[in-house]
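Hi everyone, thanks for coming.

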Amino acid sequence: MKHILLLIVFILYGSSSFANGGLLIEYGGDALTEKECRQIERMMDYQMEFYRMFGLKDSLKVRLTVFDERSEGVFYLDTIGISKYHPLKNVNALYMHNRKEAVILGMDKDRKRMLPVIYHELSHYFTREVTGVNPPIWFMEGLSEYFEHCEVGKKGIRHSMTAYEKGRIRTMYMLGEINLRKFVDADRTLFMKKQRTDEQYAYILAHAITTFMLENVSRQLLSDFITLLQDKTDRAKVSDKIARVYPGGFEAFETDFEKFCE
Ligand SMILES: [Zn+2]
């Protein structure tokens, strides 16, 4: 009897799979290897442990659709009407919150390198679940970059910034290119413009600020900041929200972050 039940459950879920703690990942498109699925699920457990501190709910479901061939993925995005709104020329992955679906294009080009891209896109799902409204773009991309730069090893999960990223930040400070207040208040358009025109400025800086907030600032402070983001009625600038939770205000935040980057 037990075996029959198990079989039914297996048929029902097909290629879906529960990571620990109530996340159902519905796999679609081309199959990932069992090892890849295991790594993704371990990473999702790790992310959930983090996001739970900020009110992530218990029962979660997200779709992960992977295409080995880029052209097939583009065709899929055409059929669901995404390419009309979203130029896909340089895109190799994206997350759509209205569908709760991450789509990965061209997995076969470099499967090892694309795995962290999956961690990145799925982190967008959690961030949007936790913040409810549109979170500041640097914070959303920063969190995703943080988890993208985590390595799932035998002993555990480790985050690091690359030497290139660290060097790039130091150069930005040396050249006086960083206006932190303007950056944290930027909307998506300005953020993407910075990204295109200035050698990945935006993603690297977002990654660094988020790393600072995750590794150098108390969880309570981070939680207070996220609570302010969750309040839809509070239309204050993001820099003002940081100022409200950070001891010493935004100036102290700026100084401490610069020290962290040295
Ligand atoms: Zn992203």
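Helices H9 and H12 are roughly perpendicular to each other, a label used for angles of 65 to 115 degrees, with under 35 counting as roughly parallel, over 145 as roughly antiparallel and the rest as oblique. H9 covers residues 201-215 and H12 covers residues 249-261, and they pack at an angle of about 100 degrees with their axes 10 Å apart. Axes here are lines fitted to C-alpha atoms, for helices over the stretch in contact, and angles run from 0 to 180 degrees between N-to-C directions. Helices (H or I, at least four residues) and strands (E, at least two) are DSSP runs, numbered from the N terminus.

Which residues of H9 and H12 make the contact? From H9 come Leu205, Ala208, Ile209, Thr211, Phe212 and Met213, and from H12 come Phe253, Asp256, Phe257 and Phe260; contact means heavy atoms within 4.5 Å. By class, that is eight nonpolar, one polar and one charged residues. Nonpolar means Ala, Val, Leu, Ile, Met, Phe, Trp, Tyr, Cys and Pro; charged means Asp, Glu, Lys and Arg; the others, Gly among them, are polar.

A quick word on the model: it is predicted, local features need pLDDT of at least 70, side-chain atom pairs count only at pLDDT 80 or more, and totals for chains, interfaces and linings use all residues. Residues are numbered from 1 along each chain as its sequence is written, and side-chain values use heavy atoms, with hydrogens and water left out.

On a 1 Å grid over the protein atoms alone, a cavity is a set of points where a 1.4 Å probe fits but cannot get out, a pocket is an open set with protein on both sides within 12 Å along at least five of seven lines, and lining residues have an atom within 4 Å of a point. Grid points are joined across faces, edges and corners, and a volume is the space filled by probe spheres set on the points.

The structure holds one cavity of 30 Å³ or more, and the largest cavity has about 40 Å³ of space. Its lining includes Phe50, Tyr51 and Ile226. H4 gives the most to this lining, with three residues, and the lining has seven nonpolar, two polar and no charged residues.

Finally, the second largest pocket has a volume of about 650 Å³. Among its 20 lining residues, Gln39, Leu115, Tyr119, Glu151 and Val152 lie nearest its centre. The lining divides into five nonpolar, six polar and nine charged residues. Where does this pocket lie? Domain 1 (1-132) and domain 2 (137-262) both give residues to its lining, so the pocket lies between them; the domain bounds come from an automatic or database domain assignment.
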